[in-house]
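Here is a short briefing to read alongside the structure. Take it one topic at a time.

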Amino acid sequence: MNKLFASIKKQPIWIFVLACFVFFSFASPYFFDTGNFTNILVQASTIGLIALGMTFVMINGNIDLSVGATLALAASLAVGLQPELGITGAVLVGLLSGILIGALNGIIAWKTGVDAFIVTLGAMIGVRGLVFIYTGEESFYAQDLAYSDFGASEVFFIPVMAFIFIFMTVVSHLLLKYTIHGRNVFAVGGNRAAAKEAGIRVGPHMLFNFIFVGFMAALSGILLSTEMGASTPNLGRDYELWTITAVVLGGTRLTGGYGSIIGTLGGVLAIAILRNGMNLLQVPSFYVLIILGSILIIVLFIDKRFSEQQGQGVGA
Amino acid sequence: MKALLDSFRPGLTNREITPLQFFGKHGITIAFFLCVVIFSLTTDKFLSTDNFFKVVMQASIIGTIALGVTFVVIGGNLDLSVGSLLSFATVLVVDLHDKVGPGMAIPLMFVFTLLIGSVNGFLIGYLRLNSLIVTLGMLSAIQGITLVYTGGKNVDISNDENTWFDIFGRGDLFGIPVPALIFIVSAIVLQVVLLKTSFGRKVFAIGGNGTAALFSGLRRNRLVFSTYLLSAFTTACAALILGSRVMGSQNNVGQGYELLVLAGVILGGTSLLGGSGSIVRTVIGVLILALIQNGLQLLGYPYYSQWLVTWVVIIAAVWLDIAAKRGKLFSSY
């Protein structure tokens with residue numbers, strides 16, 4: 001029981017998730033329903049997949065602002081190249097594009113020493129430019145219905161998108177918590193110079209995490225395009241901000257060295273449940289923006305008070 | 001080469017200045033003139049007064065906002081909420097224009113924009129919360145407030161022939177377009193404020209070392225608060241230009257501006273860590289972005305190719321700056 005209490009104290013966002021869950025269960029007759037729960041998971045999966053990768057990058061003390069643009073590029077390639085390469089080929093090229101953009105960001109951040117915020121800010125603008133040039137500012141539609149059928153299909157009675165999200169959450173959690181790479185994520189984020197002195201190859205380590213988040217953004221974009229059976233050049237706009245919001249809500253510090261996949265999952269679910277519940281209550285979506293913005297600031301405020309009481313000094 | 005470099009620093013001839021340090025310090029100015037020369041040679045329309053004002057016009061909205069944000073960044077913080085704030089202010093001034101007339105609409109818009117700026121300032125200055133997350137939260141909250149205000153509809157000025165409001169976006173004064181004039185005059189005023197007043201020096205002090213500044217008796221909280229008021233003020237000025245130019249406004253018109261503004265500020269060499277930067281260099285940074293846009297368009301490249309060039313230019317500029325301070329081209333990690 002004490003352990004449970006301690007872990008809740010570490011993850012204040014889960015209290016909020018539970019509170020929202022209970023509130024909407026009573027407030028709306030349509031909320032407490034297995035169909036709606038899988039709905040929430042599907043809605044959460046787009047931001048969620050990127051947030052999993054972003055957690056690694058942010059615990060590292062870095063940030064990736066280019067994920068929204070990468071998502072659009074991967075989706076456009078995966079749909080746009082289908083006539084030439086077939087579905088499998090096009091999807092592979094889409095995933096590869098995410099890996100390449102991540103690798104490019106990682107190598108630049110590693111070799112030049114320029115702050116990841118600036119490196120990925122540049123990439124965000126540049127990659128979005130690439131998307132507009134490649135697509136000619138037009139939306140692409142998947143001609144082969146098998147593509148959009150995949151987005152609507154189910155695995156073990158749950159929608160495939162929700163399944164992939166849950167699967168990747170488990171993989172990321174294991175990777176972060178029980179592997180050497182995961183331990184190094186915290187070491188590099190906590191004190192980069194000390195990690196280097198301790199023999200961790202900081203550059204290649206960060207490169208891997210950038211590739212991971214690039215891959216996740218591409219995966220998320222391709223899944224989103226299978227759901228719609230189409231891709232638009234404006235896809236994923238502002239997703240970098242939503243992703244960072246989810247990760248920060250989950251308790252990951254912007255300064256690095258602290259965070260968890262469980263927390264990130266909480267942050268992602270908080271956003272998804274809030275959106276879903278308010279939607280069911282027919283509250284206009286504008287109010288969700290105001291509430292989410294306020295919650296982000298309140299969580300930050302509570303976290304700061306909490307860490308000051310513990311004598312940890314100034315938190316993120 | 002060495003003699004040439006030394007001539008830039010009389011009296012310090014025994015101090016080595018490596019080419020790396022030279023380019024790190026003056027790279028952005030060199031890049032600016034390089035842009036001008038290249039575009040002048042490759043197109044015949046580039047080098048004209050008309051085109052010069054066109055470039056400044058294009059730069060005026062992002063540039064005016066960037067002036068205030070430069071103060072915030074020098075003070076060691078970030079402001080990601082200026083894009084949403086621009087949407088809010090533009091929608092407000094356009095909507096109020098038809099309801100209470102331009103004479104009342106403009107001051108009201110300034111009041112409400114500064115009010116939101118002071119919320120930023122209070123949270124970051126007085127509660128000392130992380131500026132990136134607070135302004136990220138405000139970005140979404142302000143967007144929400146704007147949508148609630150308009151009910152999701154776009155606004156416009158019904159009678160755009162019969163109002164003096166068009167002067168800010170479309171007017172001319174002494175042969176200079178008014179948006180360019182607003183940009184240039186605010187840049188000059190703020191450059192003087194930054195360099196010649198105690199407020200400007202204090203902003204450098206809190207950005208360079210906040211704790212040291214606090215112990216030297218500076219009111220850090222109030223200073224941070226003022227920098228956010230300033231960025232809200234310049235955003236309101238930009239909204240005046242934007243609303244008047246379009247004579248209407250979409251409710252997400254400023255979406256994405258915050259990052260373009262930051263790109264200009266960073267390109268000008270203002271360090272995101274705070275404590276260094278200058279208004280003149282921010283102006284140069286923003287103008288380079290506008291020059292690239294203008295030049296590539298004149299050369300007939302697709303519109304979005306400028307974004308690719310921006311990508312390269314931003315990273316190259318910051319890399320040079322860092323490499324010069326480090327004394328080595330590549331990092332040791």
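This is a predicted model: local features need pLDDT of at least 70, side-chain atom pairs count only at pLDDT 80 or more; totals for chains, interfaces and linings use all residues.

**Helix α12 of chain A**
- Helix α12 of chain A runs over residues 239–249.
- Ten of its eleven residues are buried, so the helix is largely enclosed by the rest of the structure.
- The buried residues include Tyr239(A), Glu240(A), Trp242(A) and Thr243(A).
- Ile244(A), Thr245(A), Ala246(A), Val247(A), Val248(A) and Leu249(A) are buried too.
- Just after α12(A) comes Gly251(A), with a positive phi of about 95°.

**Where chain A touches chain B**
- Contacts link 42 residues of chain A with 40 residues of chain B.
- On the chain A side, α5 (82–112), α6 (116–135), α11 (202–228), α12 and α14 (285–309) each supply at least two residues.
- The most come from α6(A), which gives 14 residues.
- By class, this side of chain A has 28 nonpolar, nine polar and five charged residues.

**A helix pair in chain B**
- Two packed helices are described by the angle between their axes and the distance between the axes.
- In chain B, helix α8 (residues 178–196) packs with helix α13 (residues 279–298).
- Their angle is about 145°, and their axes are 9 Å apart.
- From α8(B), the contact uses Ala187(B), Leu190(B), Gln191(B) and Leu194(B).
- From α13(B), the contact uses Ile279(B), Val280(B) and Val283(B).
- By class, six residues in this contact are nonpolar, one is polar and none is charged.

Note on methods. Residues are numbered from 1 along each chain as its sequence is written. Chains are lettered from A and ligands numbered from 1 in the order in which they are written. A residue is buried if 20 or more other C-beta atoms lie within 10 Å of its own, exposed if 12 or fewer, and partly exposed in between; C-beta atoms are placed from the backbone. Helices (H or I, at least four residues) and strands (E, at least two) are DSSP runs, numbered from the N terminus. Two residues are in contact if their C-beta atoms, placed from the backbone, lie within 7 Å. Ala, Val, Leu, Ile, Met, Phe, Trp, Tyr, Cys and Pro count as nonpolar, Asp, Glu, Lys and Arg as charged, and the others, Gly among them, as polar. Axes are lines fitted to C-alpha atoms, for helices over the stretch in contact, and angles run from 0 to 180 degrees between N-to-C directions.
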